[in-house]
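Please load the model in your viewer and keep the selection panel at hand.

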Amino acid sequence: MKVLVVVDMQNDFIDGALGTKEAVAIVDNVRKKVNQYLENGDTVLYTRDTHTEQYLQTQEGQKLPVVHCVKGTFGWEISEKVYAEGCTVVDKPSFGSLVLPDVVREAAEQCGTAQSGKAEASGNPESIELIGLCTDICVISNAMILKAAFPEVPIVVDASCCAGVTPESHENALNAMRMCQIQITDC
């Protein structure tokens, strides 16, 4: 089983409070990738940046004073253009999710049980691919967490389905991930 992690494809990051033209430009690619995984019977997970109304009082809010992804708002919601009903969503209060590896492991075990009638002993998927926003903050954070949790599982990032805060920071993040043995594709 392969796992696709769709990182923070939320309205505020696409065309809302922190949106960019580069984020808007990847929406169709992201939807195509989600559809490919689902058609192949693989697992699709979403992460969702989640803040409270006290965001500006947080450390992140002090350094990035733009209110965004406040739980329950339209900006917090995953774009309907990329969300596939029934897929698991992991809310995260920070750039990376420390529970994401557990969710991936559980999905791999459930898939193994469904296919063989018993749980996969390793709990490891065949591969984990990440796409979404922002390459230079949340994608790289989650890719590094997953690489640490699954050192022998190929971790892949599709650059054509990611956008950074700026095109330059997007490229810097891709290069940093390459150095950490994360495979970068451009499909």
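The tour goes from strands to an aromatic pair and then to a helix.

This is a predicted model, in which local features need pLDDT of at least 70 and side-chain atom pairs count only at pLDDT 80 or more, whereas totals for chains, interfaces and linings use all residues. Residues are numbered from 1 along each chain as its sequence is written, and side-chain values use heavy atoms, with hydrogens and water left out.

**Strand E1**

Select residues 2–7, which form strand E1. Helices (H or I, at least four residues) and strands (E, at least two) are DSSP runs, numbered from the N terminus. Five of the six residues in E1 are buried; buried means under 20% relative accessible area, exposed over 50%, and partly exposed in between (1.4 Å probe, protein chains only).

**Strand E2**

Next, show strand E2 (residues 43–49). E1 and E2 run parallel and are joined by five bridges, with Val6 opposite Tyr46 in E2. Thr43 belongs to E2 and counts as buried because its relative accessibility is 18%. Beyond its neighbours within four places in sequence, Thr43 is in contact (heavy atoms within 4.5 Å) with Met1, Lys2, Val3, Leu4, Tyr37 and Ala107.

**The aromatic pair**

Which residues form the aromatic pair? Select Tyr46 and Tyr83: their rings lie 5.0 Å centre to centre, with 55 degrees between the planes, a tilted arrangement. Rings of Phe, Tyr and Trp (its six-membered ring) pair if their centres lie within 6.5 Å; planes under 30 degrees apart count as stacked, over 60 as edge-to-face and the rest as tilted. The two partners are 37 residues apart, Tyr46 in E2 and Tyr83 in the loop between helix H3 (59–63) and strand E3 (88–92). Tyr46 is buried at 1% relative accessible area, whereas Tyr83 is partly exposed at 23%.

**Helix H6**

Finally, select helix H6 (residues 167–179). Its buried residues are Ser169, His170, Ala173, Leu174 and Met177. Viewed down the axis of H6, they fall within an arc of 145 degrees and therefore line one face of the helix; the arc is that of the directions from the helix axis to the C-beta atoms. Helix H5 (135–149), strand E5 (155–163) and strand E6 (183–185) are among the elements covering these buried residues. On the other side of H6, Glu168, Asn172 and Met179 are exposed. Just after H6, stop at Gln181, which takes a positive phi of about 65 degrees.

Terms used. The expected span of a helix is 1.5 Å times one less than its number of residues. Two strands pair if DSSP finds at least two bridges between them.
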